[in-house]
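Subject: Structure for your files

Hello,

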Amino acid sequence: MRLRGSLFLTVLALVFPAIADDHHRDRLQVVEATIADIQQQFRSGDLTPEDLVKMYLARIAAYDQPGPQAKIPQTLNSFMHVNENAVADARALKLDDFDGEDSEDEDGPRKPLFGIPVILKDNIDTADLPTTAGSVALGGSFPQHDAFITAKLRRAGAIIIGKATLTEFANFLSSTGMPTGYSSQLRSQLIQVGGNPALVGYGFNPYDPRPDPRAGINDGRPALQTGGSSSGPGIAVSANLATVGVGTETSGSILSPATQNLVVGIKPTVGLVSRSGIVPITADQDTAGPLARTVTDAARLLGVLAGFDPADPATAACLTRGKCFRDYTRFLKRHALRGARIAVPHFGYWTAATGSNPHVQSVVLSLEQQKVMNDAIAVLRKEGAIVEDFHEIPDQDDLIDFPGCPSSLPACSTVLLFGFKRDLNAYLANLPPGFPVRTLADVIAFNSAHADVALKYGQGLALAAQKLDTIPGSADTDKYQQDRLKDLDIARTRGLDVVYKDFDAILFPANRGANIAARAGYPSIAVPGGFVPNPAVPPPPFTVTPFPAGFDAKDAPYAVTFSGPAFSEPNLIGYAYAFEQATHHRISPQSTPPLSATRR
């Protein structure tokens, strides 16, 4: 096999020069523009979808893609593929089809994303763009059809402006610590345009887009983590390179980039959003969800994504009235926190193990991270919430004792490894006839044959998954089924469900509560909470490696996360909106300011 190309070079050549000197209208300031701001300009006639796409393409050329139009030393690399047909797609939209606020059905506007540029994580199928999951093994993979949610977005009037970079295979390839935002496919593309093979392959955080200079980890990775695995959508939305984005999460992959890029991320209940046409880790935990700069825009996007898909049995829950909604903006209530009962667990979330015994823990949050959390708790109480700080999850010790495999502990859950082989094989089998990579074994073989590009961080998780026998009735299948039941017992029955008997939601620091909610299949929403120093310095006995003198690291964004029981998105959106409106922590990155060339 040979390395397969992408649209990367084609788009650089065809799209960006076409818009570089285009003095299109810009009565709208695209930086921090919301869906409502944009669509008001459409209604007034001061802006067209074509104008808007050209404005975003100009910003992508300036801040995201290496080349002569780049305006910053280190581009952000949030786009794996820019849609070379985005301008044409925007031009094809008819304003007569824009229902607007004055022409709604009972569930809201029928084209709620009319003219809105959306970036999709590059594990979500698009028939007109490659879907690589960040892997050079899938570099030339053009799915036969759009993913179910991609088709929904197009029907809602959205413009797919491009595919976003991600941690390779949604951060389920390497067992040795692949940095968030790294992928072999991005590395290959950047090498093609002259990048140093030893240093490229990473996305960069717009709040400090510089490589890490610290000895031992100065391999090109960013000084300020991007979060992952949905790093690209988080970067692009934060840097105002797209209006909103869609990521995916198995455990933390929406909440993490939302935290690191100071945006809102919603990890929905498993079953609220279809997974068909998405490169999987495991159907037991996978979901797609919104990344946006405001809770309002995230809620609007969620309403488009949610719904029943006959090809995804988990979404049958949406056939039950009151579980899924086409319009989540109805839950944006300024005083939603009044009377809300919120628990704040510390053990395992504010703390971490200090040695070999995982049950002996000390506070691991830095003083500044603790302040973000304590300030958030004060805001919740001021807004009328009943907050019980130090309310622990009752079986947290059992959760700690049952991590995902591979693990150094004697017992571990095979759910992710088993699901990865089972579900990835099913996905790859449906790629167009003639595509040479059809199984996980083929991915491993391709990577081994192209190790110089593909295996900078190895493929230990893929190798471990491949060893499992996923045939029904096998010993590995029996073990997986037992592990899945144990996951649900620990995370749901004896864990979160006990808490939710007395509380409406849990407040976690950043994405530190992602694991238990992901195993349970329950929803979470991360909201900007402020900034903390980078690196965060935890109290003793923990230590971190400081940056060298003179580096002047910029502060890192930090989030608070509301998590709740299954299909509690309406409540969580209300809480997040009330918190957002009381705090307004979102600040646009200084590295990606408005482009003077796009002003009139």
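How many of the 600 residues of the protein chain count as buried? The share is 61%, where buried means under 20% relative accessible area with a 1.4 Å probe, protein chains only.

This is a predicted model, in which local features need pLDDT of at least 70, side-chain atom pairs count only at pLDDT 80 or more, and totals for chains, interfaces and linings use all residues. Residues are numbered from 1 along each chain as its sequence is written, and side-chain values use heavy atoms, with hydrogens and water left out.

The protein chain holds 20 helices and 15 strands (DSSP runs numbered from the N terminus: H or I of at least four residues for helices, E of at least two for strands). Its radius of gyration is 23 Å, close to the 25 Å that the globule rule gives for 600 residues, so the chain is as compact as a globular protein of that length. That radius is taken over C-alpha atoms, and the rule is 2.2 Å times the number of residues to the power 0.38.

Leaving aside neighbours within four places in sequence, the contacts of Y328 (heavy atoms within 4.5 Å) are L272, A299, L302, G303, A306, K323, E569, P570 and I573.

Regards

Terms used. Buried means under 20% relative accessible area, exposed over 50%, partly exposed in between (1.4 Å probe, protein chains only).
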